[in-house]
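The structure is shown first.

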Amino acid sequence: MGTSQKTHEDTCSGSPLLTPSGLSLLLARKRATDDGIIPTINEHPPSLSFTARAFPLDKSRSRSSRGDEVAVRENDILPVQDREQTLARTLSETAPLLPRHAVVAHHSSPSGLGPPKKTILGRLAFRWHRLFNIDFDISKVAKAVVSSVPAVIFGVLLNILDGLSYGMIMFPASGVFTSLGGMGVSLFFLSTVISQFVYTLGGSQFAGANGSMMIETVPFFHIIASTIEREIGQAHVREVIATTLIAYALSSILTGLTFLLLGYLRLGIIIGFFPRHILVGCIGGVGVFLVLTGLTVSTRLPSDALDPPTWETIQYLTRNAHTLGQWILPLVLAILMRVITSRWKHQLVFPTYFLVIPVVFYVIVIAAGFDLDSLRRDGWLFDSAGTTGAGGWYEFYTYFDLGLIKWMPIWNTLPTQFALLFFNVLHPPLNVPALSVSLNQDIDTNKELVGHGLSNLISGLLGSVPNYLVYVNTLMFYRVGGGSRVAGFMLALATLLILMIGTAPVAYIPVVVVGALIFALGIDLVKEALWDTRYRVSWTEYVTIVSIMVTMTVWDFVIGVLFGIIVSCIFFVVQNSRRRSIRACYSGNAAMSTVRRPAAHRAYIHEVSKQTRIIQLQGFLFFGTIVHVEEKLRSIVEDPNWRTDPVRFIIVDLTLVPGVDMSSAEAFVRVQRLLSAKGVLLVFCGAESESGVGKALANSRILEEKGVEIFESLNDALEWTENEYLGTWFRLQRTESIPVALHGRRREARFHGTPIAGSPRERYLRDAANRTIAGETCSSGITPEPLNTLLKAFQSDDEVDRDVLVRLSNYFTRLSLPPGHVLWDIGDPPDGLCVIESGVLRASYRFGLHTRVIGESMVSGSLAGELSGLSGLPRNARVTVEREAVVWWLGGEALRRLEREDADLAWTFVRMVLKAAQVDADVLLAALASR
């Protein structure tokens with residue numbers, strides 16, 4: 001039997017996600033049958049390994065039950081043929097088809113048909129597996145427990161050390177709270193136990209998460225306790241303590257509700273965007289507080305003795321030999337501990353060091369024969385009155401009496417409560433992702449926030465203080481073998497045991513141990529804030545960190561947090577004011593619209609567009625950045641070279657501007673008044689009317705001013721200014737009607753008057769027109785079609801051979817096209833090209849699904865389809881008739897006929913087309929580059 005069972009386990013064990021094959025089952029059953037047993041594979045939870053049970057084989061019964069064997073697949077029963085004949089075939093055919101966790105069972109009696117029933121123990125095993133991710137096996141549980149013992153001991157030591165260092169100082173060491181150190185330790189351990197149970201039982205996605213009281217809240221607790229004591233009065237001791245305990249519990253409830261809300265709304269990532277240097281400054285302020293607290297705890301001074309320090313206190317700390325020994329010794333021990341841990345990085349060095357100190361202390365006490373009561377009076381041991389004593393750890397519950405609670409002082413502590421809440425909320429969104437990276441584990445921050453919310457809410461309802469997942473403790477807990485929920489559960493039980501024991505042993509703990517702990521933690525936090533960040537942050541952030549620490553130390557923690565936020569806002573404004581809001585500023589002749597125009601028109605526009613200035617802005621425009629924009633706009637019109645280099649249009653491109661504040665909108669209003677006095681038109685583009693930028697400009701009423709235009713894109717604005725230039729020239733000549741508005745315009749062209757005769761702008765327009773467009777306007781209307789259209793299309797600075805165009809005109813055919821007609825679409829085979837006589841065609845380019853459509857208008861005197869028509873490649877654009885058009889068509893057959901009849905003429909035509917296409921391509925590329 002032993003051989004058979006071993007063979008079956010060897011065959012079926014391994015990864016819990018693997019199902020034994022039909023061949024392995026057949027071999028196992030064959031060997032088991034030879035030995036007189038039947039292996040039965042039981043149904044287990046999804047990730048459990050297979051186990052085997054052996055039953056005595058009754059050969060007579062087995063013969064009668066051969067036809068009763070069934071293959072169980074989840075809850076379905078699949079009949080199997082006679083075993084001796086088809087067992088191998090059935091297993092080999094059906095086993096591979098079963099899912100990963102399918103089970104094959106063989107019953108030894110006819111009454112055992114069907115799948116085995118799940119017992120209560122089986123259900124408990126399944127739930128145990130789902131929760132702890134291990135099999136409900138006594139040996140495995142025992143193994144997990146034993147392997148987790150070192151980590152649990154380590155975690156308990158950390159909790160004890162934190163409980164002593166922070167629990168003892170949870171209340172101010174003065175006035176009513178002088179003897180409440182033990183009560184603070186009880187609150188610490190109660191909050192730690194609650195958080196540990198919540199995280200272990202599913203509140204955290206980290207299996208070995210370590211929860212603890214939120215130690216950074218201690219300075220805020222001191223402010224709350226001092227405020228309540230001051231308002232109620234030291235004569236009402238129980239009222240002060242009861243009200244303070246309620247205020248502490250309220251902070252935990254507020255923290256829990258906030259975490260639950262943030263997790264439910266999935267805002268964990270947003271909180272992580274809070275400036276990290278402000279949090280670092282607050283942590284540094286807590287570090288300074290701990291260093292000062294270490295002085296007061298070591299010398300047994302009241303907690304407010306150094307708030308602020310007086311000259312008498314400084315003399316007492318520096319000139320009294322006994323006092324010097326009390327605080328220098330723990331400070332030296334803290335520094336020595338950091339020197340040792342910098343040399344040896346093992347996780348057990350820290351707790352072992354602080355376990356050795358009390359041992360050495362009592363060795364010296366016993367060897368010297370010191371009396372413990374004398375040591376306690378001299379401040380080397382804690383006073384036994386500060387422990388829970390006979391009342392037990394739950395003694396603080398005796399103060400929860402509604403008749404003792406004063407609600408008005410609690411109301412007055414709300415500003416501090418909200419500052420504490422603000423500080424608490426920042427920790428988990430920063431600690432959880434950092435721990436996730438350190439442990440290489442994907443974590444949902446929002447789920448962790450929900451777990452933190454439950455933990456803090458339960459803690460507050462049970463009268464305790466806020467808690468959170470401790471990054472350092474959890475990381476070290478994992479490294480010593482505590483990365484399982486069994487270890488976390490054991491840690492919770494062990495910490496609960498420490499809580500039940502109470503704080504009576506605190507009276508026998510040397511003060512030097514607690515003082516050294518507080519010094520060490522304070523020095524670590526100050527080092528993290530000042531030393532570790534010296535090369536990692538900018539000088540403005542470093543100044544913010546230092547200023548927060550100073551403000552927290554000199555004045556108040558709440559004031560320090562608010563001061564840090566204000567300083568950060570000031571630096572943010574200053575830094576962003578230095579950023580360049582002007583992305584580019586260039587003349588209009590460097591970028592033209594994507595409208596295809598006759599060569600003469602394009603040459604004219606290229607000349608006169610020097611009177612256009614384009615300013616591309618970027619980033620959010622607010623009172624700190626608009627100053628540079630306003631100065632730039634003013635410098636354009638106040639240029640000493642204004643008379644030789646006048647400006648007619650200023651285009652402000654707002655495409656990369658996400659928002660405009662009121663100050664910026666008002667600055668544009670001021671600039672527009674100056675531009676209007678100079679006769680310059682202000683053109684906005686890149687902003688839709690319903691966008692935030694469009695609404696901001698509309699609210700300032702600048703769009704209602706005369707001489708202001710707005711368009712959706714830079715191309716539309718450029719097209720409008722080009723039409724203005726052409727329209728002005730044609731009005732001066734009276735030889736051609738005003739050009740129609742083209743595609744993309746919001747409204748018809750409005751010519752803002754003819755330039756004043758003799759003005760710099762008018763002279764510049766005439767000079768440019770005489771060099772470019774004047775010849776075309778003189779000959780327009782005299783030459784018959786299609787010669788006139790061909791002259792427009794191919795006319796440039798170089799003279800065009802008229803005879804060549806006359807001979808070419810014989811191959812063109814006139815076509816009239818209605819609006820909306822599609823000439824060709826993307827991918828269509830080329831069938832010719834055309835020259836536009838009148839009307840407007842619209843080409844739409846789309847170079848990818850992720851890119852926006854690029855539009856190009858083609859007007860009278862321009863070519864369409866020339867490159868694909870000559871190359872024979874598929875069409876790369878969709879061309880439609882936007883306005884009723886007349887075109888002269890050169891089809892593929894006509895082009896081939898031209899090549900056969902007059903090759904030289906065909907070659908000349910190709911050269912002219914390529915030259916025009918090159919100009920069009922350059923304009924299109926320039927337009928795209930300027931976007």
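## A partly exposed ring and its partner

Phe489 counts as partly exposed, because its relative accessibility is 30% and the class lies between buried (under 20% relative accessible area) and exposed (over 50%), with a 1.4 Å probe and protein chains only. Phe489 pairs with Phe197 in an edge-to-face arrangement, 6.0 Å centre to centre with 75° between the planes. Rings of Phe, Tyr and Trp (its six-membered ring) pair if their centres lie within 6.5 Å; planes under 30 degrees apart are stacked, over 60 edge-to-face, and the rest tilted.

This pair joins distant parts of the chain: Phe197 belongs to helix H7 (residues 181-203) and Phe489 to helix H21 (residues 485-501), 292 residues apart. Helices are DSSP runs (H or I, at least four residues), numbered from the N terminus.

## Basis of the values

The model is predicted: local features need pLDDT of at least 70 and side-chain atom pairs pLDDT 80 or more, while totals for chains, interfaces and linings use all residues. Residues are numbered from 1 along each chain as its sequence is written, and side-chain values use heavy atoms, leaving out hydrogens and water.

Phe396 and Tyr397 form a tilted pair, with 4.3 Å between centres and 35° between planes. Phe396 is buried, at 1% relative accessibility, whereas Tyr397 is partly exposed at 32%. The structure holds 21 aromatic pairs.

## Charges over rings

Arg343 lies over the face of Trp344, 5.2 Å from the ring centre. Arg376 lies over the face of Tyr508, at 5.7 Å. A charge counts as over a ring if NZ of Lys or CZ of Arg is within 6 Å of the ring centre and within 35 degrees of the ring normal.

Technical notes:
Helix = DSSP H or I, 4+ residues; strand = E, 2+ residues; numbered from the N terminus.
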